[in-house]
Amino acid sequence: MPAIPNKSQLVIIGAGPGGYSAAFRAAELGLQVCLIDPETDPGGVCLYRGCIPSKALLHVARVITEAEESAALGVTFGRPRLDIDRIRDWKNGVIAQLTGGLGGRVAKLKLTHLQGTARFKDSRTLVVKTVDGAEGELSFEQAILAGGSRPVMLPGVQTGGRISDSSGALELAEVPQSLLVVGGGYIGLELGSVYAALGSQVSVVEMTAGLLPGCDRDLVSVLKRRLEKQFSEILLNTRVTGLKEQKNGVAVSFEDQKGERSDKHFARVLIAIGRRPNSDNLGLDNTAIKLDEKGFVPVDGQQRTAERHIFAIGDLAGEPMLAHKATAEAHVAAAVAAGQKAVFEPRAIPAVVFTDPEIAWCGLTETAAREQKRKVKTAKMPWRGNGRTLTLGRDDGMTKLIIDPENDRLLGVGLVGPGAGELIAEAVLALEMAATAEDLRGTIHPHPTLSETLYETAQMLFKG
Ligand code: NAD
């Protein structure tokens, strides 16, 4: 590792998709960059303990489920033999390949990469501690905060042992006989699906009235129908009131909406009740930056904080806490730091839940339109009317368009079905280009594909 320098043109704290994207772009634009992060190579939560390992395990889940379900198509496989050590090694290999590649770019672009942590001493100086025990002061001209987020824990609950957060669950220490997932959001449903496919009896407990609160109910209901077959139970409107780790499992107490209490026992528990920004460990008190009520660092359209020479991006800078939003903000912050004109003003940020079926959406949802008392036209098409869906041995899925009745512009698109996450990019481009329903129906889509549901749904808005 290089020695801690005395000064730097641009310091970037955190090397996840936000931090490393900012570092690479800034270096390409000619800035001298110092990137600080505790891991050996860039990658952050997304590569080491989030998006990438979860998608690798979801692929394994998909292979298992498709093999099982192919009996209905006349192809029968035997029971799969799972070698958990090999699955884990393969998943870790994917992580190593990607993070190693990023490490290679750090070297190629001649970035100063310090493996350690940093805290503000004042608004122009950081105290840096490296993992090998060195400590030093680093003064900087500009800084980008990209420290990401961490899981929220239930009060008084410690992870380790049989209770884990997403990082613990992704380590795949074992496949427990039973698993309780607390939280029916992105992480709970994705990792619950993985463990269900690997053979655990999975229960999900969600405190609100539905899975994936905030997501369109039409889309969620398609997913829920399939999850009800994969999971042992889905408890809605239910809270966990107690968790007690025992020798052979965890005793869990629940309370439902009516105040009725029950107790159950699970081999393991995964807590996935949201994430919070890592804004409390940066010494921001020693700067003029004040956090908002959720702990996010307020920024303007150029990602500048209350200290104009300090930028914040990614999970630290607000919702949605998604890697691709961090990357887009990183490119803005790096360009502005290098003296260019840039602003973060996307028309749509896609969101994807990588369950089976996947849910993906962008732009306005019907729920949000209702909350805003905004008039919209909607069109929805179940995928069982799409040839490609049936040739995949599936009949579940839906495409939903939200249209402005004044001018026919697309305001939002929601998809649920196999591969929805890959299809949503077309909708994001359509929104960015201010496309109308007519544009969508007039665009030739390849046949037979799932993408045809986009123009077919648009077609439903027209007579003839
Ligand atoms: P989430 O906000 O998606 O879901 C948390 C769920 O837990 C919510 O439904 C909430 O109502 C519920 N909950 C909260 N407290 C509870 C309690 N005490 N008992 C029962 N339920 C409770 O959060 P997450 O799943 O932890 O994921 C965190 C963030 O990580 C997401 O918001 C997302 O930004 C990001 N993420 C994205 C992806 C993806 O893009 N595919 C995948 C995983 C995570």
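Predicted model: local features only at pLDDT ≥ 70, side-chain atom pairs only at ≥ 80, totals over all residues.
**Entry 1: ground rules**

**Entry 2: domains**

I looked up how the protein chain is divided, and the assignment gives domain 1 as 7-57 + 84-151 + 276-337, domain 2 as 163-273 and domain 3 as 351-460. For the pair formed by domain 1 and domain 2, I note that the C-alpha centres lie 31 Å apart, and that 12 residues from domain 1 and 13 residues from domain 2 take part in the contact.

**Entry 3**

I looked up the area buried between domain 1 and domain 2, which is about 1000 Å², with 68% of it on carbon and sulfur atoms. On the domain 1 side, R49, L57 and I84 account for 44% of the area buried against domain 2, more than any other three residues supply.

I then turned to polar features and found 4 residue pairs in polar contact across this interface, both residues of each pair being at pLDDT 80 or more. The helices α3 (51-69) and α4 (84-108) each give at least two residues to the side of domain 1 that touches domain 2, and by class that side holds 6 nonpolar, 2 polar and 4 charged residues. How many salt bridges are counted between domain 1 and domain 2? The count is 1 salt bridge, and I list here the one formed by the side chains of E190 and K55, at 2.8 Å from N to O.

**Entry 4: salt bridges in the whole structure**

I widened the search to the whole structure, where 24 salt bridges are found. Side chains of opposite charge can pair when their charged atoms come close. One of the bridges I looked up joins the side chains of R49 and E39, at 2.9 Å from N to O. R49 lies in helix α2 (residues 44-49) while E39 is in the loop between β2 and α2, so this pair ties together parts that are 10 residues apart in sequence.

**Entry 5: strands**

Strands of a sheet pair through backbone hydrogen bonds, either parallel or antiparallel. I followed β3 (residues 112-122) and found that it pairs with β2 (residues 33-37) in the parallel sense over 4 bridges, where C34 stands opposite T112. β3 also pairs with β4 (residues 125-130), here in the antiparallel sense over 6 bridges, and A118 is set opposite V128. A hairpin of 2 residues joins β3 to β4.

I next looked up an open sheet of 5 strands, which run in the order β7-β14-β8-β9-β10 with parallel pairing. Its edge strands, each pairing on one side only, are β7 (163-164) and β10 (233-235). Inside this order, β8 (residues 178-182) and β14 (residues 268-271) pair over 4 bridges in the parallel sense, and the bridge partner of L180 in β14 is V269.

**Entry 6: backbone exceptions**

Most residues other than glycine have a negative phi, and most peptide bonds are trans. Which residue joins D356 through a cis peptide bond? I find P357 there, with omega about 0°, and P357 lies in the loop between β17 (351-353) and β18 (358-363). A cis peptide bond also joins H447 and P448, with omega about -5°, and I place P448 in the loop between α12 (437-441) and α13 (452-459). Lastly, K110 has a positive phi of about 55° although it is not a glycine, and K110 sits in the loop between α4 and β3.

How values were computed. Residues numbered from 1 in each chain as written. Heavy atoms only, no water. Domains from an automatic or database assignment. Contact = heavy atoms within 4.5 Å. Buried area = accessible area lost by both parts, 1.4 Å probe. Salt bridge = Lys/Arg side-chain N within 4 Å of Asp/Glu carboxyl O. Polar contact = N/O pair within 3.5 Å; in protein donor to acceptor, adjacent residues only side chain to side chain. Nonpolar A, V, L, I, M, F, W, Y, C, P; charged D, E, K, R; others polar. Pairing = 2+ DSSP bridges.
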